[in-house]
Amino acid sequence: MASEPQGGLTEYIQHHLHHNVVSLGDSSFMKIHLDSLVVSFVLGALFCVWFWLKARKATSGVPSKGQALVELIVEFVDTQVKDTFHGDRRTVTPLALSIFMWVTFLNAMDLLPLDAPGIAVKTVAGEEVMHQTFFRWVPTADINTTIGLALSVFFIVLAHGMKAKGTLGFGKELVTAPFHAHNPIVKLILVPANLGLNIIEYLSKPVSLAMRLFGNMYGGELVFMLIAGLFAGWISFLPGVLFNTAWAIFHILIILLQAFIFMMLTIVYIATAREHH
C-alpha cells in the first residue's frame, strides 16, 4: 500500500473508485470501462491458456502437481453439475467450469495491493500523472462486468429452454404456467398473470446474479480501501498490517464462495429452464 494523498482518506477512496473510462461518443451509454474490460480479457485468456497447456501435456500415468490440480478442479465442477443437472452435461460442464474459474480469477484481483497500478504509473511517469490516472483492477467490483456476466447467463438459459421445449413450446409455457386451466376461457384469463409472473421470474435471475456478486466484491474492495488508511501513519501501520492480513484471509473465502454461487445458480437456472411444466 502507498500512503494516502494529501486530501485524506476520502479523496484516496474517491480516487480508487474511479474507472479508466474511454468515451465513444457524447452519450453516457457510449463509455467503456477500459480497466475492467482489459483485466477481464487478460484473466479469461490466462485461464484458457493454463487449462489448454495442462490438457495438452496430460499423461495417463502419475500426473504432475499442475495436472492434478486441474483434474481436481474439473472433477469438482463436473460433480456439482452431475448432482444438479440431470441431462447431457457436454455443454453445461464446460460452461460451469469457465464461469467458476473466470469469476474466481476476477474476484482474486482484490487480493493484490490496491496501489500497485498507481505505483507503476508513478515510477514511469511521475506523481502528477499518477493522480490523474485511474485504474480499478477488480472487474467484479464494477456493476457493468457483473451485469454482462449475468446477461450472458440469461441468454444461455433462454437458449436451453427453447432447445428443450422448442420455440413454440417455450412460448406456450410462458402463458400457460404456473397457473393451469382446462377451460379455454379461464386459460385466456390467466394469460396476463402467467406471462407477468414468468417475465418477473426470468428477469430476477440476471438481477440477482449481478447484484449479489457486485455487492460482495464492491464491499470487500471498500474494506481494503478503509484499511489502507491505517498505513498513512506509523502508529496505525502495524494494526493496518494485521487488519489487512486478517481481512485478506477471510476474503479468500468470499472470493471462492461467490464464484461457486454464481456457477451453481447458473446450473440451477439451466436445469429449471429445461424442465417441462
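Predicted model: local features only at pLDDT ≥ 70, side-chain atom pairs only at ≥ 80, totals over all residues.
**Entry 1: aromatic rings**

I started with the rings and searched the whole structure, which gave 10 aromatic pairs. I picked out Trp50 and Phe105, a stacked pair with 6.2 Å between centres and 15° between planes. I then checked where the two sit: Trp50 is in helix α2 (residues 34-56) and Phe105 in helix α4 (residues 92-108), so the pair links distant parts of the chain, 55 residues apart.

Phe105 comes out as buried at 17% relative accessible area, while Trp50 is partly exposed at 24%. The cut-off for buried is under 20%, so the two land in separate classes.

I also asked which residues cluster with this pair.

**Entry 2: a charge over a ring**

I noted Lys205 next. Its charged end sits over the ring of Tyr202, at 4.8 Å from the ring centre.

**Entry 3: the nonpolar patch**

Which element gives the largest share? I traced that to α2, with five residues.

I took a look at Phe41 on its own. It lies in helix α2 and is exposed, with 63% relative accessible area.

**Entry 4: salt bridges**

I counted four salt bridges in the structure and wrote down three of these.

Asp78 pairs with Arg89, and their closest N and O atoms are 3.2 Å apart. Asp78 belongs to helix α3 (residues 65-84) and Arg89 to the loop between α3 and α4, so this bridge ties together parts 11 residues apart in sequence. Both ends are partly exposed: I have Asp78 at 21% and Arg89 at 29%.

Arg90 bridges to Asp88, with 2.7 Å between the closest N and O atoms. Here I get Arg90 as exposed at 68% relative accessibility, and Asp88 as partly exposed at 43%.

For Glu173 and Lys165 I read 2.6 Å between the closest N and O atoms. Are these two buried or exposed? Glu173 is buried, and Lys165 is buried as well.

Methods: Residues numbered from 1 in each chain as written. Heavy atoms only, no water. Phe/Tyr/Trp six-rings, centres within 6.5 Å; stacked < 30°, edge-to-face > 60°. Helix = DSSP H or I, 4+ residues; strand = E, 2+ residues; numbered from the N terminus. Buried < 20%, exposed > 50% of the residue type's maximum accessible area, 1.4 Å probe, protein only. Lys NZ or Arg CZ within 6 Å of the ring centre and 35° of its normal. Salt bridge = Lys/Arg side-chain N within 4 Å of Asp/Glu carboxyl O.
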